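Please keep the sequence and the model in view while reading.

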Amino acid sequence: MPSSNGSKTVLLGLGNLLMEDEGVGVHALRWMEAAYTFEPTIQLVDGGTAGFELLPLFEDNDRILMIDAVEFGKEPGSITVLEDDQILTELTQKMSLHHLGITDVLSSAKLLEYCPQKVVMIGIQPFAIDNVTMDLSPDMQARLPKVVATALSILESWGIHTSAISAS
Amino acid sequence: MAKRIIVDPVTRIEGHLRIDCDVKNGKVEKAWSSGQMWRGIEPILTGRDPRDAWIFTQRICGVCTTVHAIASVRAVENALDLEIPLNAQLIRNMIIAAHGIHDHIVHFYHLSALDWVDVVSALKADPKATAKLANSLSDWPNNNAIHFKQVQNRLQKFVESGQLGIFANGYWGHPAMKLPPEANLMAASHYLEAFDYQRKANQIVAILGSKTPHIQNLAVGGVANAINLDNQATINMEKLMHIQTLMSELKDFVRKVYLVDLAAVGALYAHWLPYGKGVTNYLSVPDFPMDGKGTQFLTQGGYIPDGKLDQFKQINSFNDSFFEDNVKESIKHSWYDGDWTKHPYKEETVPKYTDFQDDAKYSWVKAPTFLDKPAQVGPLANVLGMYLAGHEGAKTYTHMALDLISSVAKTKVGIGALHSTLGRHAARCVRTQILYDVLNESYNALVGNISKGDFDTFNAPVFPKGEVSGFGFHEAPRGVLSHWVVIENGKIKNYQAVVPSTWNAGPRNQNDEPGPYEASLVGNPVADEEKPLEILRTVHSFDPCLACAIHLHNNQRKEIVTVHAL
């Protein structure tokens, strides 16, 4: 198993907390924050819907794991793991000029020659984003343990150990 | 024959904006601005503790988290008539000034410069000639041939990699792109450097706000920062020194790079100065209070009707009734139930979607009005307001920018040129210069006050029985932001946010008068209907950002421009 030996990792939850399943990345992050302890080489960041404010994370870290809602046109609740260049290829919309989202942050990081060894995104197809609410839809809430397990297993494969905080 | 051009979405952030233009003989005849997502965030606040509202409101928008937090605590403090300690006011000032500098740098370089700067053309530039051009304008240390050559190599590598990423959708080689290769290389080089400086500005926000993107240090009644010069966990000497270092680096960049690039782009595109005027009722508000109550301000604001600078009426305090009484919103052309024009305290938010109807309802954005007219908000309104109120910095930097543009363009460019697409960029740059001064002045005042032994940062709020209401405004990077709250027995009864992009992106109002985006597009040239770069230039000059921040990723590739015959 690879060891984390001092390399820096960030776990980044993304999304809008006010828009139901749109906020699943932040919900997952908060769950993990509350239920697990992490070694000090990993930083947990609630990125919300920020853009370039997240760019320094790509300069300062060796590995980046993002969790976000993604419109893949797939079955709601399905989890897709994208790695490195796949993220840009899959998510780049032929959209407007130079307005930013996480894909622009990624490509700006490239332009600036920030070279994290590994960038992974866990994308979750939402069930519902139409309601203005701070709660996930019940279906997504039920899916959350699977999202968290996916994130933990990726961290584990990077040699980052976590331990569940016992209820007692 | 007239054609309809639809650009949808114009921005990929903050809820989607769609722009429709009818174009005839290469010019825009009529335009519509439509918000394509419902921003009914306010109902989520009903019934909550007003002390918590700012934590929720800073999630309204992904770009302007800080500004919604500030406007929210100000609204609740206004309802309670609660004065906050001077230190708290100064710490808030520094956070919002630094945030504003960050935001303006990002807007100019990363969100809109590529409407004017052709990155691919920069590959053809001669680095030595670029250095000569850059040195004639500024003594910035990186303006040398070796640095420009390195930048060119990096761009070349990036372009050759085939993964253009952030540049992928640029209109390279478009006939409206006019800069010579050397000017393009100079601007592209500063585009890269600007990444570092927006970060430095944001570090100041992070030091004082404990965290970004979502600051943690606000409280109704002040800030949660403790001040103890010898304690690691509080605002201390080391943190203040760090802020001072960041400030001096920022100063050089905004004075020697941003101001100069703005002038170069303005001068080399002087033929664009006549375009994009639009609505010339300008609204701005005073900000950066230097007392606990909000009566003395470092920047001023007010209302200018119909571009008549001699009829400027100043807004003077956080309690100003001229502002409070004259803001309304109309839903005649918006997807809400009914046809009313109401004051924010009295509004309700009941969605009713129809499809896009040119002459009826076509947007999720409401149409705000001031004195029953549409108003343009943003740095241009703010700089004009400060200028007319006699703000020294506003006068100095405005003339500095205009003189530099005039000297490069070799023609006299006066203050009247500011009523334009490029004028909005110029004003944003002038405002950035002022924000640096504000940051510096607030810093010095904070250090001075602490050295007098004043460490207070918080006055506890007390909520009365019965109903109270209040409003809080903030001159945010995109213009006037106001939050309106009605509190009953200590709980929120009604909450409305009237946001800057609503003022500018609003649809036609109760009298069918177009909003600022819509009016500013009329008369714009369009050289190539399939690539309406000129439309984007004008819309981007407002720094569009629709305030609901849905940002769900979409892997569907989608054309953004559609053209059809009418």
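## Confidence of the model

Chain B has a mean pLDDT of 90, pLDDT being the predictor's confidence in each residue on a scale from 0 to 100, and 92% of the residues of chain B reach 70 or more. Over residues 11-15 of chain B, however, the pLDDT is below 50, although this stretch has 34 contacts in the model beyond near neighbours in sequence; two residues are in contact if their C-beta atoms, placed from the backbone, lie within 7 Å. Residues 547-559 of chain B also stay under 50, and for them the model has 55 contacts beyond four places in sequence. Where pLDDT is low, the predicted coordinates should not be read in detail.

For the complex, the predictor gives an ipTM of 0.81 and a pTM of 0.92. This is a predicted model, in which local features need pLDDT of at least 70 and side-chain atom pairs count only at pLDDT 80 or more, while totals for chains, interfaces and linings use all residues. Residues are numbered from 1 along each chain as its sequence is written, and chains are lettered from A and ligands numbered from 1 in the order in which they are written.

## A covered helix

In helix α15 of chain B (residues 533-540), seven of the eight residues are buried, meaning that 20 or more other C-beta atoms, placed from the backbone, lie within 10 Å of the residue's own. Among them are Leu536(B), Arg537(B) and His540(B). The cover includes β1 (3-7), β2 (17-24) and α12 (421-451) of chain B; helices (H or I, at least four residues) and strands (E, at least two) are DSSP runs, numbered from the N terminus.

## An open sheet

Three strands of chain B form an open antiparallel sheet in the order β12-β11-β13, where pairing requires that DSSP finds at least two bridges between two strands. Strands β12 (341-342) and β13 (367-370) of chain B are the edges, each pairing on one side only. Two bridges join β11(B) (residues 327-330) to β12(B), and Glu329(B) stands opposite Lys342(B) in β12(B).

Conventions
A residue is buried if 20 or more other C-beta atoms lie within 10 Å of its own, exposed if 12 or fewer, and partly exposed in between; C-beta atoms are placed from the backbone.
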